[in-house]
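Please read the sequence and the structure below side by side. The explanation that accompanies them moves from the overall fold to a few local details.

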Amino acid sequence: MRTVTYSMGVSLDCYIEGPDGGDWGVPDAELHRFHNQQASELGLHILGRRLYEVMVFWETAEERNPAAPVSELDEAQLEFARIWKQLPKLVFSTSLESVEGNARLSRDDPVETVRALKEEDGGPIAVGGAELAATLTAHGLIDEYHVFVYPVALGGGKPFFADHARIDLELLETRTFSNRVVHLRYRRA
């Protein structure tokens with residue numbers, strides 16, 4: 001059975017986005033390399049429309065920046081662009097007409113689709129987008145939660161966990177990065 005993981009950067013008060021958005025959650029080179037390693041192990045990434053529209057940037061990032069990397073961060077970002085471009089993606093949307101790159105568009109029920117995908121052979125599945133993750137969490141379809149806690153409190157915004165019932169979790173792993181971000185990896189208990 002395939003594992004489904006929801007992974008996001010959060011503020012200390014557990015928001016993935018502040019009241020006015022903001023760029024407080026930008027990874028440095030070390031954290032980017034960690035994300036690259038995680039992404040390279042995936043078999044599929046499923047996304048909602050809004051996150052897809054943010055991430056589509058990575059489909060052509062390498063072509064838009066063909067010069068040699070000038071910093072360690074540039075190198076990590078180009079590596080991510082290569083990984084992202086090859087990674088199969090499934091985008092759930094009722095408003096998009098098409099998607100780019102190695103992505104396919106679905107108008108099907110995400111709950112039934114993910115249930116079926118979990119039973120197939122293949123690598124782990126990542127979930128991107130708070131609303132899609134909330135739907136899958138409500139149906140017990142997310143196996144692991146990876147939280148990257150940034151040293152900032154936002155005081156409001158979009159929460160990592162939307163309205164949901166209690167979820168008992170077991171801590172599997174922690175790691176502190178040099179930029180003071182703490183990674184917490186939990187499994188549904």
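What follows describes the whole chain, then its sheet and helices, and lastly a loop residue and a helix end.

The model is predicted, and its protein chain contains six helices and 10 strands. The radius of gyration of the protein chain is 16 Å, close to the 16 Å that the globule rule gives for 189 residues, so the chain is as compact as a globular protein of that length. Along its principal axes the C-alpha trace spans about 45 × 35 × 30 Å. Buried residues account for 41% of the 189 residues, while the chain exposes about 10100 Å², of which carbon and sulfur atoms supply 50%. Among the contacts between residues at least 6 apart in sequence, 71% join residues that are at least 24 apart.

Eight strands form an open sheet, and reading across it gives the order β5-β4-β3-β6-β1-β7-β10-β9, with mixed pairing. At its edges are β5 (103-106) and β9 (169-176), each of which pairs on one side only. From one strand to the next, the twist averages 20 degrees.

Within this sheet, the pairings around β3 can be followed residue by residue. Strand β3 (residues 44-48) runs parallel to strand β4 (residues 89-92), the two being joined by four bridges, and in this pairing L47 stands opposite V91 of β4. β3 is also joined to β6 by four bridges, again with the strands running parallel, and here L47 stands opposite G128 of β6.

Which way do the residues of β6 point, and are they buried or exposed? I125 and V127 point one way from the strand, A126 and G128 point the other way, and all of them are buried.

Helix α1 (residues 29-40) lies across β1 (4-10), β7 (144-149), β9 and β10 (182-188), and runs at about 170 degrees to β7. Helix α5 (residues 110-119) also packs on the sheet, where it touches β1, β3, β4, β6 (125-128) and β10, and its direction makes about 160 degrees with that of β4.

The loop between β4 and β5 holds S93. Why does S93 count as buried? The reason is that its relative accessibility is 6%, and the cut-off for a buried residue is under 20%.

Helix α6 (residues 130-138) has as its buried residues A130, L132, A133, A134, L136 and T137. An α-helix has 3.6 residues a turn, so residues three or four places apart point the same way. That spacing can be looked for in the list of buried positions, which includes A130, A133, A134 and T137. The helix is followed by G140, whose phi is positive, near 65 degrees.

Key
Residues are numbered from 1 along each chain as its sequence is written. This is a predicted model: local features need pLDDT of at least 70, side-chain atom pairs count only at pLDDT 80 or more; totals for chains, interfaces and linings use all residues. Side-chain values use heavy atoms; hydrogens and water are left out. Two strands pair if DSSP finds at least two bridges between them. Axes are lines fitted to C-alpha atoms, for helices over the stretch in contact, and angles run from 0 to 180 degrees between N-to-C directions. Contact means heavy atoms within 4.5 Å. The radius of gyration is taken over C-alpha atoms; the globule rule is 2.2 Å times the number of residues to the power 0.38. Buried means under 20% relative accessible area, exposed over 50%, partly exposed in between (1.4 Å probe, protein chains only). Accessible areas come from the Shrake-Rupley method with a 1.4 Å probe; for residues, only the protein chains shown count as cover.
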